[in-house]
Every structure is written in structure tokens, then in C-alpha cells.
Amino acid sequence: MAKGKSNQSINNSHRVTTSGDIEVSTYLEIAKEIAGVQPTPSKEAIPEAKRESIVVIDFGSQYSMLIARRVREFQVYCELVPHDTPWEKIAPLNPKGFILSGGPGSVYEPDAPLAPAYIYESHLPILGICYGMQVLTKQLGGRVALGAKHEYGHAILHLGEADSPLLADLPPSTPVWMSHGDKIEEMPPGFTTLAYTENSPTAIMGNDRGIFGLQFHPEVAHTPEGKTILKNFVYRICGCQGNWTIGNFIDESISRIREQVGKGKVISALSGGVDSSVVSTLIHRAIDDQLTCIFVNHGLLRREEAERTLNVFRLNLGMNIIYADASERFLNRLKGITDPEMKRKIIGGEFIAVFEEEANRIGKIDFLAQGTLYPDVIESAASGSKASVKIKTHHNVGGLPAKMTLQLLEPLRYLFKDEVRQVGLALGLLEEMVWRQPFPGPGLAIRIIGEVTQEKIEILRGADWIVMNEIKKAKLYRQLWQSFAVLTDVKSVGVMGDFRTYGYLVAIRAVTSEDAMTADWARLPYDLLARISNRIVNEVPGVNRVVYDITSKPPSTIEWE
């Protein structure tokens, strides 16, 4: 860890007009090659200038987005922007204050990223977190140096004698989460130490101009009173009123979509997930039959998923839907492929081809709708921050071709998953759609380790069906972020009915999370795991062993590939 880091099956292809909510595909690969998608993201979710906001200046922490998430929990709009974003792009947000995030660097290193001058010239309140605190120190005349001791993990914060509204309602001592190797050797002129830890004499500093620095991370769950500190900053220091609501978001988004689209035509890719369902419903609410949705069945969906998805759409909303069954086509393209990245590229490319074929039959199209969410943007380092470290590319973020004529329509681009679900419920979607667990765009292909074959797909569908069935019977589905089966490429010896077997090993994955940026393995009851294991080995041919994945994210990812 770097010093000073804040480490943070239906008939073949045919057209149907159906009643039902649409699912915009989670395939970001779609946009990569469809002739004509503008790489410039739309601004549907950015509020009107009159709406207050807190702006987070991103210095590259993997968890900067958690700061924005916490602020939004206080019904105050918050947006994360790269540290080199010009004021012209900030001004329309009408900021009431700034938060400087953590980052992987040290401020005394050459070319270390620093805050733009307008942060200070605005005379607005500022809160620096970890590296952000060190940025404040350096730019305002203090001194940062490499600490004799690094401080990673839990620490106890003790409040000093100086009083401050930032510390209102905090106990005298409270646990905090540290992740730094640098220290404040000398505070800037006019600053006072407000709190300390055993290893950090200045764990919180502040001045009488509303500028504060925290050496720890209030945005993470490991700092129990972190929300109190952030709320104090947002309300007591910045004077926000808390007028950003889901209802306001929906009204503003519908207005912006109508203004942007005009009389144009929009297409969206369906998959059945909550993101695509919500984005399609929102766009349909705004422009009605100017929207056409395309559901491409790549043959890598779960058991009965295509049928159930289309049935739900028919029962709920009246939308133009094109259904294309390309199962055999995808399976043929995946023959002999074992590398997970190659699988993703092949599936994405083939999806584009099928999608494009269907879209070309529609006629002139002006916009492509996508269910891109804020975590997708952050994890792909698509925020534009040069200080960010890319974890993985999401299929609907980044890599858009330069030669494009379609414009992107991404009304959910600035929302987190929980906010998307709130929008879905407010739009009247069924709970079974809104609370559907995330399912990857490449489908079961990345839950089958090794080559994808029809036999393996059926084995995995059987095992996954049992996992879902038992999780739902135990009334744990809503409590889990994701729960699914993985078909490994491992075979082991077993005994069934006194006969030797040599069958596949199936892994069960169940995690809890708030936003998929971090996740912990779910402590499922032993009896539940026993039922799942017993049913899989008895009901799914070819499987004789079941294991449970007890790895968190990080270091693992939620999906295996």
C-alpha cells in the first residue's frame, strides 16, 4: 500500500409488442461497436443549478464513491469529479462545499495531484479526508512528511478540548478506520488540532473558515461515527437543506430526457436486470413509443429467465420489444474458449452483431439507452481521474468508438444501486423486478470455469436453480447482494450407490454488500448449506461435490471470472 494512501427459449428471432417493463442490457460491449454512439455521457442525472450539492474531488481512492454515497443518504446531491475538473463543469452543480478524497500518492512526491485553485477561491467549506487532508496541509502552508509508523486499520479517536460543529454529537472517544503512512508534521497557519489518536497527534484539524481535515476515513463502515461527522459537515458547516429526493430525480430526469431526445428514436438492450428495467421504464415514461427495446437471448441465461422476463414485461408496461433468440449462434462462437476475458469479448462482440442486425430493421435511430450506474463508472476509472487505478472494465463504460452517430442516453449514470431500486419502486415496478439480484451481462459463461458447452450450461442451470430456490425459501434473498452457483473445471472422485463417480465440483457464492465495491461472504446457516449441497449432488447429474466460497471482496471479486 502506498504511503499516504486512503485505500481506500421462445421461438427464433421475431418481433413482439408486449406489455412489460424493459430490461436494458448490462452489456456495455454494445456501445463499443454499434455504429454511432457518442462517447460523451449524457447529463440526465445532474440536477438543475438551483439544487444544492456537495462536490467530492477525487484523488484516486478506490472508495471515493463511498463518500458520495454517504452524502446522498442525507438527501443532498453529491457528485464525484476528477481533481483536474475545470470550474466550468463544477459551477452548474451549485456546490455548497467540497470534500477532498483519499488517494494512493503522497503530496511531497513530484507531480502529486493537488486541489484546483477554485476550491480555495470559492470560500466554501472544505473537508479533506486522508490524502485530502494532506493536500490541504501542503497547499495552505503546512508540512506533510513520511510517518515513523504507518497506521492501517482500527484506531481510537479522542476529541481534543477545542469545540467545533463538525464534532457535534460525537462521544469523547470512538473507533475510526485509518489507512495512511504519512503524517501532518506541521498544520497550516490558523488551524487547530480537534482530535488525535495514539499514532496521529493531529487526526482532525480545522480552522474558523470552515476548512477541516480528517486523517481517517469517515465514509467506511469501520468508522461507526463517520456518518455523524459527514452529516455535521453537510448540514452544520455547509448549511445544506436536504432537498434532493428520488421524486425530484424522476421529475428532472423525465424533463431532461424529453428535452434531449425531442422527436428522436431510442433503442435499448434488455437483459432483465433492475438497471435496464428502471432505465427503460424511466425513458418510456418520458417518450412513450419513441423507445424500442431489444431482448437478445444469448443462451447463457438462467433456467426460464427469458420466458419469465418477457412475461413480466407483458404484464406491466406496454413497450415495443424485439426478441431475438441467438442461443446457438453464441454457443458456436464460444467453442474451445477458456480464457475469461476472451469469453467476454466474444460474447460482447456477438451481442453487438445481433443487436445491430435487429436495430437496423427499425430504421433511423438517434439514441442508445444504457443502464450505466455510478459504480460502473468508478470501477472502470471512467471518471477521467488520472489518479485513479483501474480495477476492471465494465461492458457499458469506456472504450466507445470515435466514429459514432448515436448519442448515449444514460439517466442512471450518477446513481448507486440502492438509489436505482428506489427509483424503480417510485415508478411502480414490481418488487420482484426491483429486488432482482445482479446478474452479469455475459451470463452463465463467466460462472462456468473453462470452455462453455451446452452440457455445462444445463448442469449450472440446475445447480443455480436449487441455490435460488433454497435461498428464497429461507427468506434470505433480499438480504443478499448476490447468491449463485459456479461450475468449476475441477472433477473429483466420489461414491454414489456404492459406485465410483468422477464428477464436477460446484462452488456456491453468496455475498452481502451495499454497492458491490466491497463485499463480504454471507454467513449462511449450516443447515441451509447442507440442504443446497444435498439437493445439488442428488438432483444435478454430473456433480458429486459442493464447496462454499468464503472470500470477501477485496481480495476477490464477486464473480469468479
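Trainee: Is Phe216 buried or exposed in this predicted model?
Mentor: In this predicted model, Phe216 sits in the loop between β10 (211-214) and α6 (226-237). Buried means under 20% relative accessible area. Phe216 has a relative accessible area of 0%, so this residue is buried.

Trainee: How far apart in space are Phe216 and Ile129, C-alpha to C-alpha?
Mentor: Leaving aside neighbours within four places in sequence, Phe216 is in contact with residues including Leu157, Trp177, Ile204 and Ile129. Phe216 and Ile129 are separated by 87 residues in sequence. Their C-alpha to C-alpha distance in space is 6.6 Å.

Trainee: Why is α15 described as roughly antiparallel to α16?
Mentor: The axes of helix α15 (residues 454-473) and helix α16 (residues 526-539) come within 10 Å. They cross at roughly 150°. Angles over 145 degrees count as roughly antiparallel, and therefore α15 is roughly antiparallel to α16.

Trainee: How many residues of the contact of α15 with α16 are nonpolar?
Mentor: On the α15 side the contact includes Ala463, Ile466 and Val467, and on the α16 side Leu528, Ile532 and Ile536 are among the residues. Charged residues number five and polar residues one. The nonpolar residues number seven.

Trainee: Which element gives the most residues to the largest nonpolar core?
Mentor: This core has 153 residues, and Ile536 is one of those that touch the most other members. Not counting residues up to four places away in sequence, Ile536 touches Ala463, Ile466 and Val467, among others. The element that gives the most to this core, with eight residues, is α15.

Conventions. Residues are numbered from 1 along each chain as its sequence is written. This is a predicted model: local features need pLDDT of at least 70, side-chain atom pairs count only at pLDDT 80 or more; totals for chains, interfaces and linings use all residues. Side-chain values use heavy atoms; hydrogens and water are left out. Axes are lines fitted to C-alpha atoms, for helices over the stretch in contact, and angles run from 0 to 180 degrees between N-to-C directions. Helices (H or I, at least four residues) and strands (E, at least two) are DSSP runs, numbered from the N terminus. Angles under 35 degrees count as roughly parallel, over 145 as roughly antiparallel, 65 to 115 as roughly perpendicular and the rest as oblique. Contact means heavy atoms within 4.5 Å. Ala, Val, Leu, Ile, Met, Phe, Trp, Tyr, Cys and Pro count as nonpolar, Asp, Glu, Lys and Arg as charged, and the others, Gly among them, as polar. A nonpolar core is a set of buried Ala, Val, Leu, Ile, Met, Phe, Trp, Tyr and Cys residues joined through side-chain atoms within 4.5 Å. Buried means under 20% relative accessible area, exposed over 50%, partly exposed in between (1.4 Å probe, protein chains only).
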